[in-house]
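Subject: Structure handover

Hi,

Here is the structure I promised to pass on.

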Amino acid sequence: QKYFVDDDEVTRDQLERTVLHLGYPCRSATDGLEAWEMHQNEPADVILSDWQMPHMDGLELCRLTRVSEGEGAYTYFIFTTSYVDKEHYLRGMEAGADDYQVKPVILDELRARFVSASRVIELYRKLAEKNEVLRRDSQRAYRDARIDALTQVSNRMSMDEDVSVILARAKRYGHRYSISICDIDLFKAYNDKFGHLAGDDVLR
């Protein structure tokens with residue numbers, strides 16, 4: 001999904017025809033505030049924004065877009081502006097823009113920028129997927145490290161952590177606590193007579 005933002009109606013119409021001609025779905029906004037509301041409701045993959053606009057300029061729109069991004073989400077931000085000086089270019093990049101296109105927008109240049117945008121967005125999505133896998137694996141490893149493989153109950157590591165929490169609460173609030181240790185009588189004799197597999201059943 002592409003969004004383009006410009007307060008000039010003629011420019012918006014030209015951009016819309018250009019983006020549609022390149023084969024991309026798009027939506028337009030008349031100023032930065034409208035674009036920001038649209039982006040919050042349905043985040044865009046790419047935003048093409050003018051700089052100078054009423055209610056909210058492109059620079060603020062770019063900053064808000066960057067602040068709002070969650071992990072794995074990324075919006076490629078392109079300024080389309082008449083400013084050609086280096087100061088505006090640097091300010092745009094510092095605000096979080098990815099690219100800077102001086103008006104009038106040329107079809108081939110815009111196509112090239114969309115290709116770059118697609119690569120960056122795809123990279124962010126792949127990284128997000130990998131991070132999610134790593135997070136799940138880490139959570140699983142954390143859980144498995146605290147569970148006894150045979151009985152599937154909490155093990156010594158889990159007990160040590162729980163006792164530390166209980167002890168800290170007891171010291172802070174003056175609570176009493178107790179610990180009981182249970183043993184299985186004659187367990188070795190049971191294993192010797194019926195075998196270790198039968199003994200595992202007893203433990204479970």
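This is a predicted model: local features need pLDDT of at least 70, side-chain atom pairs count only at pLDDT 80 or more; totals for chains, interfaces and linings use all residues.

I'd begin with β4, residues 76-81. All of it is covered: 6 of the 6 residues of the strand are buried, so β4 is largely enclosed by the rest of the structure. If you colour by face, you get Y76, I78 and T80 on one side, with F77, F79 and T81 on the other, and both sets are buried.

What does β4 pair with? One partner is β3, which runs parallel to β4 over 4 bridges. Along that pairing, V46 has Y76 as its bridge partner in β4, and S49 stands opposite F79. Another partner is β5 (residues 99-102), again in the parallel sense and over 4 bridges.

**Salt bridges**

The count comes to 15 salt bridges. I picked out a few to look at in detail.

- R27 and E42 form one, with their closest N and O atoms 3.3 Å apart. R27 sits in strand β2 (residues 26-29) and E42 in the loop between α2 (32-41) and β3 (46-49), so this pair ties together parts that are 15 residues apart in sequence. Both ends are partly exposed: R27 has a relative accessibility of 34%, and E42 has 38%.
- R140 and D137 meet at 2.8 Å, N to O. They are 3 residues apart in helix α5 (residues 107-144), which puts about one helical turn between them. R140 is partly exposed at 38% relative accessibility, and D137 is partly exposed at 37%.
- R204 pairs with D201, the closest N and O atoms being 2.6 Å apart. R204 is exposed, with a relative accessible area of 55%.

There is also a network to look at: R66, E69 and D98 are joined into one by salt bridges that share partners.

**Surface patches**

Which residues make up the patch of negative charge on the surface? They are D7, D8, E9, D13 and E16. D7 belongs to the loop between β1 (2-5) and α1 (9-21), and it is partly exposed, with a relative accessible area of 38%.

A nonpolar patch also turns up on the surface, made of M159, V163, I166, L167, Y177, I179 and I181. Together these residues have about 670 Å² of accessible area. L167 is the one I'd click on: it lies in helix α6 and is partly exposed, with a relative accessible area of 30%.

While you're in α6 (residues 156-173), find K171, which is part of that helix. K171 is exposed at 66% relative accessibility. From K171 to Y190 is 19 residues in sequence and 42 Å in space, C-alpha to C-alpha.

**Backbone details**

Most residues other than glycine have a negative phi, and most peptide bonds are trans. With that in mind, here are some spots for your geometry checks.

- The peptide bond from K103 to P104 is cis, with omega near 0 degrees. P104 is in the loop between β5 and α5.
- Q152 has a positive phi, near 65 degrees, and is not a glycine. Its place is the loop between α5 and α6, where Q152 counts as exposed at 55% relative accessibility.
- L186 also has a positive phi without being glycine, at near 60 degrees. L186 lies in the loop between α6 and α7 (187-194) and is exposed, with 71% relative accessibility.

That's the lot from me.

Cheers

How values were computed. Residues are numbered from 1 along each chain as its sequence is written. Side-chain values use heavy atoms; hydrogens and water are left out. A salt bridge is a side-chain nitrogen of Lys or Arg within 4 Å of a carboxyl oxygen of Asp or Glu. Helices (H or I, at least four residues) and strands (E, at least two) are DSSP runs, numbered from the N terminus. Buried means under 20% relative accessible area, exposed over 50%, partly exposed in between (1.4 Å probe, protein chains only). Patches are made of residues with over 30% relative accessible area and no salt bridge: like charges are joined within 9 Å, nonpolar side chains (Val, Leu, Ile, Met, Phe, Trp, Tyr) within 5 Å. Accessible areas come from the Shrake-Rupley method with a 1.4 Å probe; for residues, only the protein chains shown count as cover. Lys and Arg count as positive and Asp and Glu as negative; His and the chain ends are not counted. The place of a charge is taken as NZ of Lys, CZ of Arg, CG of Asp or CD of Glu. Two strands pair if DSSP finds at least two bridges between them.
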